[in-house]
Amino acid sequence: MATVVVPDRLTSHVAAGHPWLYVNAVPAIPGARTGEFVTLLGQGRRPIGQALFDADSPIALRVLSTRKDETPGPALWHRRVDQALSLRRSVLDLRHTDCFRLLHGEGDRLPGVVVDHYAGFLVLKLDTPAWLPHLEQLCDALEHHVRPRGIFFKGISGEHEAPRNLRGDEPPEHILVREHGMRLAVDVRRGQKTGLFLDQRENRALVRQVARDRRVLNLFSYTGGFSLAAALGGATHVTSVDLARGAIDGARHNFSANDLDPTAHSFVTADAFEHLAACAAARELFDLVIVDPPSFAPRKQALRAAEAAYTKLNAAAIRQVRPGGLVACASCSSHVPMDLFLQILRESARTARRALRVLEIRQEPGDHPTPLHFPEGRYLKFVLALAE
């Protein structure tokens, strides 16, 4: 196994649980190839951990273990999968929910590996090709502990690769899953991420809880998860807005799958900013507005522009909330920490000339664990507020 000496300033971070070492922070590792294991050495060349090497990524090393009794390989993959499954069984009510994140990469000490569970099917996605040499071993561990109907490979983040089936049955065109009892059709082949934004599951349940007798506007609705939750919660009317016609068609389908009449609600294929402008022109107000956009800051360099875009969007949304109504605002950008997001919402409220009273502040749910010393892994912000 190749070795690398970790600079003294970083050894405490590795020991505390930070899973990444950047290429510009560690010495070169001559001869090492992507997918190989590397022993991390501290002071006096004492081993302090093992990592997975990626020769082409800014993240050169992803830490797999810092324990002397753990060695990278099949036995460790089995242990990690078993521990992850036990955690989900302890934090989720799996009697009414069969869609959840089984492996959350760094949070489950398999950095770069994401596995989502959809009604018995597993969808696997990688953040680095360094895991490809170990893919079959990972699948062995998943099959042994989960016994899925099938394992589907969604590919590697940032790379164009045709999805393919790895083990067991091919997933159907739409997998019908249960989330707190409501039914959602998931397209794991063509859908965003692995098919569904599982990290918003508990927030959808919150929207269902507060939606009774409200007129609801759901922006960036995708296949209507928040819209469906609101309708099932007793909303009088829900308007779903998304730029993708396929997503809007999926939202209609999800209403029908839950015995809700889609014609009693509105489904709009439009840009969210333009739709808000049209609502303002028509003086159309809502009792609950949900704003869950894609990341406006996929890179740190885009942060300033993202702040302006988030402020403009949320200000426009707040203006369309009836006094005494609710606004639910979210961001999925890891480059926008919670304190900055709250600052953005304060500026949005000031721009809209409205006062907000915060009711709930939430981050990732229990099936998306994050090491405490890994703030880069905390990406989701969700704020429910009363607009006065």
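User: Which residues are linked with Arg167 in a network of salt bridges?
Analyst: Glu136, Asp140 and Glu143 are joined with Arg167 in that network. A salt bridge here is a side-chain nitrogen of Lys or Arg within 4 Å of a carboxyl oxygen of Asp or Glu. The model is a predicted one, in which local features need pLDDT of at least 70 and side-chain atom pairs count only at pLDDT 80 or more, while totals for chains, interfaces and linings use all residues. Residues are numbered from 1 along each chain as its sequence is written, and side-chain values use heavy atoms, with hydrogens and water left out.

User: How many salt bridges are there in the whole structure?
Analyst: A search of the whole structure gives 25 salt bridges.

User: What does Arg88 pair with?
Analyst: Arg88 forms a salt bridge with Asp108, with 2.7 Å between the closest N and O atoms. Arg88 belongs to helix 2 (residues 74–91) and Asp108 to the loop between strand 6 (99–104) and strand 7 (113–118), so the pair ties together parts that are 20 residues apart in sequence. Helices (H or I, at least four residues) and strands (E, at least two) are DSSP runs, numbered from the N terminus.

User: Is Arg88 buried or exposed?
Analyst: Arg88 is buried, at a relative accessible area of 0%, and Asp108 is buried at 8%. Buried means under 20% relative accessible area, exposed over 50%, and partly exposed in between (1.4 Å probe, protein chains only).

User: And Arg190, what is its partner?
Analyst: The side chain of Arg190 meets that of Asp187 in a salt bridge, at 3.0 Å from N to O. Arg190 is exposed, with a relative accessible area of 56%, whereas Asp187 counts as buried at 13%.

User: Where do Arg215 and Glu284 lie?
Analyst: Arg215 is in strand 13 (residues 215–219) and Glu284 in the loop between helix 7 (272–282) and strand 16 (286–291), so their pairing ties together parts that are 69 residues apart in sequence. Their side chains form a salt bridge of 3.2 Å, N to O. Arg215 is partly exposed at 25% relative accessible area, and Glu284 is partly exposed at 29%.

User: Changing topic: what is the strand order in the open sheet?
Analyst: The open sheet has seven strands in the order 15-14-13-16-17-19-18, with mixed pairing. Its edge strands, each pairing on one side only, are strand 15 (266–269) and strand 18 (356–362). Two strands pair if DSSP finds at least two bridges between them.

User: In which sense do strand 13 and strand 16 pair?
Analyst: They pair in the parallel sense, over four bridges. Leu217 stands opposite Val289 in strand 16.

User: What does helix 8 touch on the sheet?
Analyst: Helix 8 (residues 303–319) packs on the sheet and touches strand 16, strand 17 (321–331) and strand 18, and its direction makes about 155 degrees with that of strand 17. Axes are lines fitted to C-alpha atoms, for helices over the stretch in contact, and angles run from 0 to 180 degrees between N-to-C directions. Contact means heavy atoms within 4.5 Å.

User: Which residues touch the most other members of the largest nonpolar core?
Analyst: Tyr118 and Val177 do, in a core of 39 residues. Helix 5 (residues 225–232) supplies the largest share of this core, five residues. A nonpolar core is a set of buried Ala, Val, Leu, Ile, Met, Phe, Trp, Tyr and Cys residues joined through side-chain atoms within 4.5 Å.
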